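Reader: I am new to this structure and would like to learn how to read it. Could you take me through it feature by feature?

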Amino acid sequence: PHAGPVESKNEAAMSELVPEPRQKPVVPMKPMGINANLLGYIGIDTIIEQMRKKTMKTGFDFNIMVVGQSGLGKSTLVNTLFKSQVSRKSSSWNREEKIPKTVEIKAIGHVIEEGGVKMKLTVIDTPGFGDQINNENCWEPIEKYINEQYEKFLKEEVNIARKKRIPDTRVHCCLYFISPTGHSLRPLDLEFMKHLSKVVNIIPVIAKADTMTLEEKTEFKQRVRKELEVNGIEFYPQKEFDEDLEDKTENDKIRQESMPFAVVGSDKEYQVNGKRVLGRKTPWGIIEVENLTHCEFALLRDFVIRTHLQDLKEVTHNIHYETYRAKRLNDNGGLPPMTAETEENHESNL
Amino acid sequence: CTQLLLSCQFSDSAGYVGFANLPNQVHRKSVKKGFEFTLMVVGESGLGKSTLINSLFLTDLYPERYIPGAAEKIERTVQIEASTVEIEERGVKLRLTVVDTPGYGDAINSQDCFKTIIQYIDNQFERYLHDESGLNRRHIIDNRVHCCFYFISPFGHGLKPLDVEFMKALHGKVNIVPVIAKADTLTLKERERLKRRVLDEISEHGIRIYQLPDADSDEDEEFKEQTRVLKASFTPNLFIPFAVIGSNQLIEVKGKKIRGRLYPWGVVEVENPEHNDFLKLRTMLVTHMQDLQEVTQDLHYENFRSERLKRTGK
C-alpha cells in the first residue's frame with residue numbers, strides 16, 4: 001500500500017534541499033600495517049555493555065494476557081510463573097460474586113525486581129470468557145482491548161511533543177488455556193485463536209495437565225497441533241517471523257515437539273527429597289510443578305521468560321503493531337491529531 | 001538458546017523467575033543486528049581531520065585522496081562527503097559513517113559555509129521523519145548525525161568568529177565535541193591556556209557542547225565508589241576540548257612500533273596520554289556511542305520533529 005500524493009510531495013520538498021551528498025562505496029576495515037592488530041583495539045564492543053546498563057536502568061514493561069474458561073488454573077499458573085501473587089484467584093472470590101455476564105478485561109500491574117532488573121508486569125485477566133451458555137463473539141471485547149492498546153500507543157507516537165519513553169500497554173503475549181478433555185479442541189478454542197492470532201502472539205497451553213497420563217498427553221498434544229495446523233492458526237513463535245536459520249531450527253523444534261505446553265500450576269510448597277518444591281499433593285503422590293518428568297511448566301517458563309521475552313515484545317512491536325498502524329494509515333485517510341485535514345495537507349506525519 | 005539459559009546464573013534457586021536474563025536477550029539480538037553510527041568532522045583544511053579519523057578507527061578511509069591547490073579552492077563550496085566503514089570487534093559489528101566537510105572555512109568569504117552542513121543534518125532528520133511516518137518501517141536506516149567533532153585551530157588565541165557562529169548555529173541540531181587539532185604545535189602550558197580560553201568563550205556565547213552524563217544518584221554505593229575512582233583518574237569533562245594529534249606512521253620507539261610523528265627533537269606518540277588527549281577522545285567516543293545516539297534521538301531529533309510538525313500542521 002502506498003500513500004499517494006503525500007509521498008511525492010515529500011520527495012519534491014527534499015530535492016529542494018542539498019543535492020545528494022557523494023556516497024563513497026563501503027570499504028571493509030583495512031589494517032594499518034602488519035602489526036595493526038597488536039596496536040588495534042578500539043573498544044567498539046563496549047557498546048554492548050552500554051546497552052545492558054541502559055536496559056538495567058530503565059527497566060521494562062511486560063504485559064501478559066490469560067484467556068480461558070473459569071477454573072482452568074489461569075491465575076495459579078501466572079502466579080507460579082512469576083513466583084508472586086500477581087493474579088487474584090477466582091476461587092478466592094466470595095460466593096456472592098457471580099460469573100460476569102460478559103467478558104470483562106481486568107488489568108493489574110506489579111513491579112517486580114530480580115538481579116537488578118526491574119519489570120513492570122501487567123497481567124490481563126479475562127473473566128467471563130467461554131463461561132456463558134451462548135458464547136458467540138465472546139472474543140470481541142478481547143480483540144477490542146488489544147486494539148485499544150495499539151491505538152493508545154499510536155496516538156502517543158504521532159503526537160507533536162511526544163514522551164521520551166512511550167508507556168507500553170500493548171499485549172505482548174496471550175496464554176490461551178485449552179481444557180484437557182483428551183479429545184480435541186473445542187469450537188470456541190478454534191474461533192478465538194483464528195481471530196486473535198492475527199493481532200497478538202498466542203501461546204496455547206494445555207491446562208491442568210495432571211489429569212492426563214503420559215500417553216494421553218502425547219496423543220492429545222499431537223491432535224491439537226494437527227488441528228491448529230489444519231485450521232491455519234499461527235501461534236507464537238510464528239513461522240513467518242523466524243529471522244534466520246538459527247531461529248528457525250530452534251523454533252521448529254519448539255513448534256513441532258514441545259508446544260502446546262502441558263502445564264500444571266501451584267503456589268503451594270512441599271518437601272520432596274529434602275528440597276522445597278512447588279506442587280500438588282495427592283494420595284498417590286506429589287506432582288512437582290518444576291519437574292520436567294511431571295509436566296512442562298518449566299519449559300513454558302523458560303520459553304516465555306528466559307529466552308523469548310524480548311522476542312515476544314519485538315514481534316508485538318514490529319509486526320502486530322505495525323499491521324495495526326498500516327491499517328489505520330490506510331483507513332479513514334488520517335491519524336490524530338490531524339484527522340480533520342484534507343489529503344493535501346498530510347505532509348509531515350503521515 | 002542453551003547459551004541464554006546457561007547464562008542464567010542462579011538457575012533454579014527458589015524464587016528465581018529468570019527475567020533478570022532479559023538484558024542478555026536484548027544483547028544477543030543487538031549483536032546479531034549490529035550498530036550504526038555517524039560521525040561528522042568539521043574544520044578548516046589542513047587541521048589533520050582525516051589523519052585523526054584514520055588513527056581513531058585504525059583504518060584508511062581516504063585511500064585515493066586528492067588535495068586541491070589554493071587556486072582550485074577559490075571556486076569550491078563546501079562539499080559533503082560520506083564514507084562508510086564496517087568494523088568488527090569481538091563479534092560486535094559497527095557500521096561507521098564518517099561525514100567529511102571539505103571546503104569548510106576555505107573560501108575567502110566564509111559567510112555561508114555552514115549552511116550546507118546545516119542542510120545536510122536537517123536532510124537526514126527529514127528523511128528519518130519521513131521513514132518513521134511511512135508504512136513500511138521494518139528497515140529504517142539511521143543516517144542522522146550522532147556526533148560532530150569540531151576542529152579548532154591551535155594557531156589562534158581561542159575561537160575564531162567562524163567557530164563561534166558555526167557552533168551557535170549547530171548546537172541545537174547535533175552533539176558537538178570540540179577538538180584542538182595538531183596539538184603538538186603547542187607546549188603543555190600553551191595547551192592549558194588555549195583550552196581555558198576556548199571554554200570561557202564557549203560559555204560566554206551560550207554554546208551548548210556535548211556533556212557527558214554523570215553517574216546517577218540512584219546507582220548503588222559500590223558503583224558510585226568505582227566511578228569516583230575512575231573519575232579521579234579520568235574526568236572527561238575536564239579535558240574538553242580534547243587536544244589531539246593524529247598519525248598513520250609507525251615509528252620505532254624503544255623497540256616497539258608505535259604511531260607517532262618523528263621530529264628532530266623527539267617523537268610525539270599518538271597514544272601516549274602524556275603527549276596528547278587522543279586516547280581520551282577515543283575512549284570517550286566509544287564508551288558514549290550509546291549516549292550520543294540517545295541524545296540525538298531524544299533531544300535533537302525530537303526538537304526537529306516538533307518544529308517540523310508545528311510548521312506544517314497548522
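This is a predicted model: local features need pLDDT of at least 70, side-chain atom pairs count only at pLDDT 80 or more; totals for chains, interfaces and linings use all residues.

Reader: Which residue forms a salt bridge with A:Lys106?

Author: The partner is A:Glu104, and the closest N and O atoms are 3.4 Å apart. To describe the surroundings of such residues, we use relative accessible area: buried means under 20%, exposed over 50%, and partly exposed in between, with a 1.4 Å probe and protein chains only. A:Lys106 counts as partly exposed because its relative accessibility is 38%. A:Glu104, at 32%, also counts as partly exposed.

Reader: And what about A:Lys163 and A:Glu156: how is each one classed, buried or partly exposed?

Author: Their side chains meet in a salt bridge of 3.6 Å, N to O. A:Lys163 is partly exposed, with a relative accessible area of 46%, whereas A:Glu156 counts as buried at 15%.

Reader: Which residue forms a salt bridge with B:Arg137?

Author: That is A:Glu157, with 3.3 Å between the closest N and O atoms. Helices (H or I, at least four residues) and strands (E, at least two) are DSSP runs, numbered from the N terminus. B:Arg137 lies in the loop between helix H5 (113-132) and strand S4 (147-152) of chain B, and A:Glu157 lies in helix H5 (residues 140-158) of chain A, so the pair joins two chains. Both B:Arg137 and A:Glu157 are buried. Salt bridges can also share partners: A:Lys83, A:Glu290, A:Arg301, A:Asp302 and A:Arg306 are joined into one network in this way.

Reader: How many residues does the largest nonpolar core have?

Author: A nonpolar core is a set of buried Ala, Val, Leu, Ile, Met, Phe, Trp, Tyr and Cys residues joined through side-chain atoms within 4.5 Å. The largest one here has 83 residues, and those with the most contacts inside it are A:Phe82, A:Phe129, A:Leu175, A:Phe192 and A:Ile203. Its largest share, seven residues, comes from H5(A). For A:Leu175, contact means heavy atoms within 4.5 Å; leaving aside residues up to four places away in sequence, its partners include A:Ile64, A:Leu77, A:Ile203 and A:Leu300. A second, separate core has 80 residues, including B:Met40, B:Ile117, B:Val179 and B:Leu186.

Reader: How do I read a sheet?

Author: Strands of a sheet pair through backbone hydrogen bonds, either parallel or antiparallel. Two strands count as paired if DSSP finds at least two bridges between them. In chain A, three strands form an open sheet in the order S9-S10-S11, with antiparallel pairing. Strand S9 (269-272) and strand S11 (285-288) are the edge strands, each pairing on one side only.

Reader: How many bridges join S9(A) to S10(A)?

Author: Four bridges join them, and A:Tyr270 stands opposite A:Val277 in S10(A). Their hairpin has two residues between the strands, and A:Asn273 takes a positive phi near 50° there. On to the next pair: four bridges also join strand S10 (residues 275-282) to S11(A), where A:Arg280 stands opposite A:Ile287.

Reader: Why is helix H10 of chain B described as largely enclosed?

Author: Seven of the 10 residues of this helix (residues 278-287) are buried, so it is largely enclosed by the rest of the structure. Among the buried ones are B:Phe278, B:Leu281, B:Arg282 and B:Val286.

Reader: What does chain A contain as a whole?

Author: Chain A has 10 helices and 11 strands. Of its 350 residues, 49% count as buried.

Technical notes
Residues are numbered from 1 along each chain as its sequence is written. Chains are lettered from A and ligands numbered from 1 in the order in which they are written. Side-chain values use heavy atoms; hydrogens and water are left out. A salt bridge is a side-chain nitrogen of Lys or Arg within 4 Å of a carboxyl oxygen of Asp or Glu.
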